Amino acid sequence: MSLWNDPDRWSALCSGAVCPICRPPEPLDVVAKLEASWVTMQEAAPVPGYVCLVSQTHAVELHDLPEAAASAFMRDARKVSRAVAAVTGAVKINYEIHGNSIPHLHMHFFPRYRGDQFEGQPINPRLVAQPVYKSGEFARTRNALVVALDSNTA
């Protein structure tokens, strides 16, 4: 059953009162703090180079952010996109904003590669066999992403 079918629980999540992102000082697996968001990355990823951009301001939808915060979030998204492309050599990056299970604005970045398991279709993380990184590859990718974000002016 979807969380939004429990109106009280969904309302509490949407308000930020019990948001699992807002309750701790920051989300898990943060690798960088940008102007309006955090960049998270974890080894148990659906594809190599996957990252998630999480808004520092609680909002459910992009249009819920004040104009300045929305513009800053999109500047951060451009910065992350450029860094992911540079670090991974992806032929395409897919961007997804859902919030169906955690109603806190966040954007997924899925680098796409020639011959990847989902070529010609969307990535389905539930069908990914772990691990997607070879030994030591996650740390190298994460470190390269951090460097690219630091040197990337937008």
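A: On a 1 Å grid over the protein atoms alone, a pocket is an open set of points where a 1.4 Å probe fits, with protein on both sides within 12 Å along at least five of seven lines; lining residues have an atom within 4 Å of a point. Grid points are joined across faces, edges and corners, and the volume is the space filled by probe spheres set on the points. The model is predicted: local features need pLDDT of at least 70, side-chain atom pairs count only at pLDDT 80 or more, and totals for chains, interfaces and linings use all residues. Residues are numbered from 1 along each chain as its sequence is written, and side-chain values use heavy atoms, leaving out hydrogens and water.

The largest pocket holds about 700 Å³ of space. It is lined by 27 residues, and Tyr50, Cys52, Ile102, His106 and His108 are the closest to its centre. Two or more lining residues come from each of β3 (51–55) and β5 (106–112); strands here are DSSP runs of E, at least two residues long, numbered from the N terminus. β5 gives the largest share, three residues.

By class, the lining has 15 nonpolar, nine polar and three charged residues. Ala, Val, Leu, Ile, Met, Phe, Trp, Tyr, Cys and Pro count as nonpolar, Asp, Glu, Lys and Arg as charged, and the others, Gly among them, as polar.

Both β3 and β5 belong to an open sheet of five strands, in the order β1-β2-β3-β5-β4, with antiparallel pairing. Two strands pair if DSSP finds at least two bridges between them. The edge strands, β1 (30–33) and β4 (92–96), each pair on one side only.

Methods
Helices (H or I, at least four residues) and strands (E, at least two) are DSSP runs, numbered from the N terminus.
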